Amino acid sequence: MEDQIPVSSPLITQEDIDYVAKCLGEGWVSGEGPYVTEFETKFAKICNREFAVSVSNGTDALDLAIAAIGLGRGDEVILPSFTIVSCLSQVLRMGATPVFVDSDSESWNMDTDSTVNSITSRTKLIIVPHIYGLPVDIDPILEAAARWGIPVIEDAAEAHGLFYKNRSCGSFGTASTFSFFANKNITTGEGGMVLTDDEVLQAQMLLRKNLAHKPGQRFVHEQLGWNMRLPAYQCALGTSQLDRLDYILARRREIGSFYHSAFAEVDFIQLPLRETFYASNSYWVFGMVMADDAPIKAIEVQNELAAKGIGSRPFFQPLHKQPVLGAFGLASQPTLANAEKLGRDGFYIPNGLNLSDSHLETVAESLLSIFEKC
Ligand SMILES: *Cc1c(COP(=O)(O)O)cnc(C)c1O
């Protein structure tokens with residue numbers, strides 16, 4: 001059964017449709033031309049970056065940035081356990097060794113001190129994903145990385161339009177990556193972007209996203225690339241969506257405040273932080289974590305919501321426990337208690353941009369009635 005209130009739903013307006021139609025009407029269908037350049041230029045500008053390279057999705061953005069920065073066997077890469085597998089795949093494919101750090105139990109982001117303390121002379125990359133709409137406390141990580149000369153990839157797939165201490169998310173580190181999947185703050189259906197200020201890195205990425213034709217000698221290949229081109233009509237959708245980013249963030253914050261008030265009295269759930277000293281939450285998703293002694297488990301709550309036609313999703317499952325690590329000889333990993341708890345007890349509820357206030361009230365009342373029964 002399809003959920004009557006889906007966990008996420010993209011906002012596609014008539015302006016979006018008109019702009020995509022204009023692009024198609026002019027015959028721009030492949031991954032080049034003025035609509036691609038326009039989206040890349042505008043996106044780089046709002047993030048305060050020199051260069052933007054559009055790609056097919058956010059996973060490609062990470063693969064491309066990691067490949068272009070370069071990793072070798074035995075190199076260590078620091079990343080949180082509590083994130084999406086897209087942060088890990090290319091690290092493993094290049095034979096490097098992931099060093100997983102635990103999450104802060106309040107912000108659900110990678111713990112800044114653990115990250116800095118995990119740096120060794122073998123560390124060759126740090127991947128910093130902002131989780132669920134609240135930025136990572138990134139300054140101490142950037143400072144330590146600069147001291148050691150280690151590149152940083154900022155994964156801002158859940159952080160379009162956000163600020164860390166008045167600086168744009170997407171502007172930090174060697175490269176920043178974005179996703180424009182259907183549930184992200186702005187969407188091109190599928191789509192992604194890498195931003196950088198490094199011209200040499202940009203050239204490496206342009207080469208590799210387009211089959212790595214030798215510059216000036218098409219169909220000659222000195223290395224292997226991929227086809228990660230993002231079609232023009234999707235770029236047109238992205239450009240049109242960008243105009244609405246402020247509204248989208250404001251609405252997500254409104255939904256966040258509504259849920260915060262609705263669940264303020266429930267003492268066995270942990271809600272997202274509203275703000276920290278460096279940023280305010282934009283609630284890309286509205287998550288909650290059941291306390292250890294809660295009278296009901298996250299999965300049971302999710303099942304009861306589903307029975308009422310209300311969508312929800314479990315949190316990320318920790319990367320340091322993923323079965324695929326075994327294939328790389330990395331099955332044995334230290335315990336990361338916070339990441340494991342988040343994966344076990346966390347889930348998020350509908351906050352789609354098409355939901356009306358009365359939908360939100362239905363979600364809140366349904367969830368409260370599930371809680372009251374137990
Ligand atoms: C969504 C997401 C990605 C992957 O993006 P896709 O476009 O789905 O491939 C990467 N990192 C984070 C943090 C994400 O939330």
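**Exercise 1.** In β11, which residue is the bridge partner of Ile269?

*Solution.* The model is predicted; local features need pLDDT of at least 70, side-chain atom pairs count only at pLDDT 80 or more, and totals for chains, interfaces and linings use all residues. Residues are numbered from 1 along each chain as its sequence is written, and side-chain values use heavy atoms, without hydrogens and water. Start with the strands, which are DSSP E runs of at least two residues, numbered from the N terminus. β10 and β11 (residues 286-290) run antiparallel, joined by two bridges. Strands pair if DSSP finds at least two bridges between them. The partner of Ile269 in β11 is Met290.

**Exercise 2.** Describe the shell around the ligand by class and by helix.

*Solution.* Sort by class first. The shell has three nonpolar, six polar and three charged residues. Here Asp, Glu, Lys and Arg count as charged; Ala, Val, Leu, Ile, Met, Phe, Trp, Tyr, Cys and Pro count as nonpolar; the others, Gly among them, are polar. Then take the helices (DSSP H or I runs, at least four residues). Helix α3 (residues 58-69) gives the most, with three residues.

**Exercise 3.** Find polar contacts of the ligand (pairs of N or O atoms within 3.5 Å).

*Solution.* Check oxygen atoms of the ligand. A polar side-chain atom of Glu158 lies 2.5 Å from one. For Ser179, a polar side-chain atom lies at 2.7 Å. Gly58 uses a backbone N or O atom, also at 2.7 Å.

Definitions and conventions:
Polar contact = N/O pair within 3.5 Å; in protein donor to acceptor, adjacent residues only side chain to side chain.
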